[in-house]
Amino acid sequence: MKFRLLAGASSSLLLLTTLLTACSSGSDSGSGGSDGDSELTVWLMRDSVSAAFQKEFTDAFTAAHPDIHLKVQIQEWDGIGQKVTAALASNDAPDVIEVGNTQVAQYAQSGGLVDLTGKKTDLGGGTWLKGLAEPGAWEGKQYGIPYYAANRVVVYRKDLFQRAGVDPAAIRTRQQWLAATRRLNTGDQQGIYLTGQTWYALAGFIWDEGGDLAVRDGGTWKGALDTPEALAGMRFYKELQALGKGPKDADEANPPQAEVMAGGKVAQIISVPGGANVIAQHNPRLKGKLGFFPIPGKTADKPGAVFTGGSDLVVPAASRHQDAAYTFIKELTGDTWQKKLALAMSYVPNKTSLAPAVASDPGAATMAVGAAEGRATPNTPGWAAVEAENPIKDYMTAALTGRDMRQAAAEASAEITRAMNTAS
């Protein structure tokens, strides 16, 4: 799915709108030596870890497991889905693959992954982030092991908030957010820059209302944008979007919203924290003037629901070294290396219990708050077809430009139903 929430560096933000998870030609899995030694081939995605972190982990893993010869191959995002599918269908697959959390279902459906359900307790599955763990499961079995996560927060201008007398710490509910944004939306200053087709933000508002983008109806899936709950989420989106000048017929990449905020006339955007780095790169005068707070919820007792992007680790059924593969996964997703990874890359760790590990990173700490209410898109291989056509975007533009919202929602729901069930 084309939503990879990586935070921290500007290169990571670029991956936000590109996505999820290939192979170099030919796998090198297979016996790497005699006397029980094994060569473990692992595919990790470009920029999901830094070179420094990769070296630190590889050196430590090799020292702890001298019988496992670790070979990490960095893969490119472009065309990764087809490459992983081909690898899983072959007899010469790598031993571990990093995949996008919402991709696991389509790979599991093919029968090409190892069922890791029996390992959940050993891996601390009781505190996994739901937004990684739930899409990592398929038909009641766990195939994807949560690796790392990221999600959107509100990136705001500290100086503009202070000038308007708005305390971001006091914004705990949607209504408080609207009130604050109205105060900030004055003259040529936009209270918020929110485009008309930022559908991940809409998804969160719909989830907060108790709705969903699609629901299972017997043995099929049905679009659900026309339910009362989903319509309530869209109405809130419309009210918030009107407090700025974001285009109603474009998404956050057209033009890049970080560049718009760098222009100096925007008080806040909804973005991964890495967006602040990009803003400051385009306008150095804003360095140190950007802060973060969680997307507010309907009530003050919990933050708003957010889409959780990130990665899971899977083991191909064709792996020749499944025990060694599990050893690798247990190390990389264990508490020690999760803390190191989160700090190195400004990620959210894979367990809610590890949120304190990023307390020193304002952006990651804010993400971790939101991640507790993280969700994923409908867990079915058919969802990829919805994103390919994306009737949600067209629906949002229609609802924001005066079309009857119920009728537009019904039409988009019918398109979602058709796409999901045709693909399945």
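## Thr181 and its surroundings

Leaving aside residues up to four places away in sequence, Thr181 touches Gly191, Ile192, Leu240, Leu243 and Gln268, where contact means heavy atoms within 4.5 Å. Thr181 is found in helix H7, helices being DSSP runs of H or I with at least four residues and strands being runs of E with at least two, numbered from the N terminus. Thr181 counts as buried because its relative accessibility is 0%; buried means under 20% relative accessible area, exposed means over 50%, and partly exposed lies in between, with a 1.4 Å probe and protein chains only.

The model is a predicted one, in which local features need pLDDT of at least 70 and side-chain atom pairs count only at pLDDT 80 or more, while totals for chains, interfaces and linings use all residues. Residues are numbered from 1 along each chain as its sequence is written, and side-chain values use heavy atoms, with hydrogens and water left out.

The size of an interface is often given as the accessible area lost when the parts come together. Domain 1 and domain 2 bury about 1,700 Å² between them, with 65% of it on carbon and sulfur atoms; buried area is the accessible area (1.4 Å probe) that two parts lose on being put together, summed over both.

Between domain 1 and domain 2 the count is one salt bridge, defined as a side-chain nitrogen of Lys or Arg within 4 Å of a carboxyl oxygen of Asp or Glu. Asp212 forms a salt bridge with Arg375, and the closest N and O atoms of this pair are 3.5 Å apart.

## Salt bridges in the structure

The structure holds 18 salt bridges. One of them joins the side chains of Asp59 and Lys55 at 2.8 Å, N to O, and both residues lie in helix H2 (residues 51-64), four residues apart, about one turn of the helix. Asp59 counts as partly exposed at 41% relative accessibility, whereas Lys55 is exposed, with a relative accessible area of 54%.

Arg157 forms a salt bridge with Asp159, the closest N and O atoms being 2.8 Å apart. Arg157 counts as buried at 6% relative accessibility, and Asp159 counts as buried at 18%. The side chains of Arg174 and Glu209 also meet in a salt bridge, at 2.8 Å from N to O, and this pair links distant parts of the chain, with Arg174 in helix H7 (residues 174-184) and Glu209 in the loop between helix H8 (199-208) and E8, 35 residues apart. Arg174 counts as buried at 4% relative accessibility, and a network of salt bridges links Arg174, Asp208, Glu209 and Lys298.

## Backbone features

A cis peptide bond, with omega about -5°, joins Asn254 and Pro255, and Pro255 lies in the loop between helix H9 (228-241) and helix H10 (257-262).

Asp47 has a phi near 70°, a positive value in a residue other than glycine, and its place is in the loop between strand E1 (38-45) and H2; Asp47 counts as partly exposed at 31% relative accessibility. Asn390 has a phi near 50°, also positive in a residue other than glycine, and lies in the loop between helix H15 (383-389) and helix H16 (391-400); Asn390 is buried, with a relative accessible area of 10%.
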